[in-house]
Amino acid sequence: MAGGSTASRTADDLVLLVGRVAVGVIFLQNSLGQLAALSGFEANLASRGVPLPFVFAVIGVAVQIICGILVLTGLRTREASLMLVLFMIIATALSHRYWE
């Protein structure tokens, strides 16, 4: 998003802001739901054969909350986004097995 007029840079910045806020809110909303039903999330992980399901449930919720807040606020956005991508890869491999 380099170069261009001031108006196009402002539009680009607005699009990035809206996207960043949307991603942050999605992960925060999801994680708060999992936190409210942590025992259910733990049971789901246990049923899928995840070792130490409580530990991994807490780690999963913490990653989503912390990284969601970081993305939402624009702090350490790249690192937080990479952590969320890694989280999603693991979550897909464990829980969202659409190919089965």
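Me: Which element gives the largest share of the lining of the largest pocket?
Reply: H4 does, with 7 residues. Helices here are DSSP runs of H or I, at least four residues long, numbered from the N terminus. A pocket is an open set of points on a 1 Å grid where a 1.4 Å probe fits, with protein on both sides within 12 Å along at least five of seven lines; lining residues have an atom within 4 Å of a point.

Me: Is this a predicted model, or what is it?
Reply: It is a predicted model, where local features need pLDDT of at least 70, side-chain atom pairs count only at pLDDT 80 or more, and totals for chains, interfaces and linings use all residues. Residues are numbered from 1 along each chain, and side-chain values use heavy atoms, without hydrogens or water.

Me: Back to the largest pocket. How much space lies in it?
Reply: About 500 Å³, counted as the space filled by probe spheres set on the points. It is lined by 23 residues, and the closest to its centre are Phe41, Gly60, Phe87, Ile90 and Ala91.

Me: Which elements give two or more residues to that lining?
Reply: Helix H1 (6–36), H2, H3 and helix H4 (77–94).

Me: And how does the lining divide by residue type?
Reply: Into 15 nonpolar, 8 polar and no charged residues. Gly is put with the polar ones.

Me: New topic. How do H2 and H3 cross?
Reply: The axes of H2 (residues 38–47) and H3 (residues 53–73) come within 8 Å, and the crossing is at roughly 120 degrees. That is why H2 is oblique to H3.

Me: Which residues make the contact?
Reply: From H2, Leu38, Phe41, Glu42, Leu45 and Ala46; from H3, Pro53, Phe54, Phe56, Ala57, Val58 and Val61. Contact means heavy atoms within 4.5 Å. By type, this H2–H3 contact has 10 nonpolar residues, no polar and 1 charged.

Me: What about H1 and H3, at what angle do they cross?
Reply: At roughly 155 degrees, with axes that come within 8 Å. H1 and H3 are therefore roughly antiparallel to each other, a label for angles over 145 degrees.

Me: Which residues meet there?
Reply: H1 residues including Arg20, Val21, Phe27, Leu28 and Leu35 meet H3 residues including Val61, Ile65, Ile69 and Leu72. The residues of the H1–H3 contact divide into 12 nonpolar, 7 polar and 1 charged.

Me: And H3 with H4, how do their axes run?
Reply: They come within 9 Å and cross at roughly 145 degrees. Among the residues that meet are Gly60, Cys67 and Leu70 in H3 and Ala80, Met83 and Phe87 in H4. That contact divides into 8 nonpolar, 5 polar and no charged residues.

Key. Axes are lines fitted to C-alpha atoms, for helices over the stretch in contact, and angles run from 0 to 180 degrees between N-to-C directions. Angles under 35 degrees count as roughly parallel, over 145 as roughly antiparallel, 65 to 115 as roughly perpendicular and the rest as oblique.
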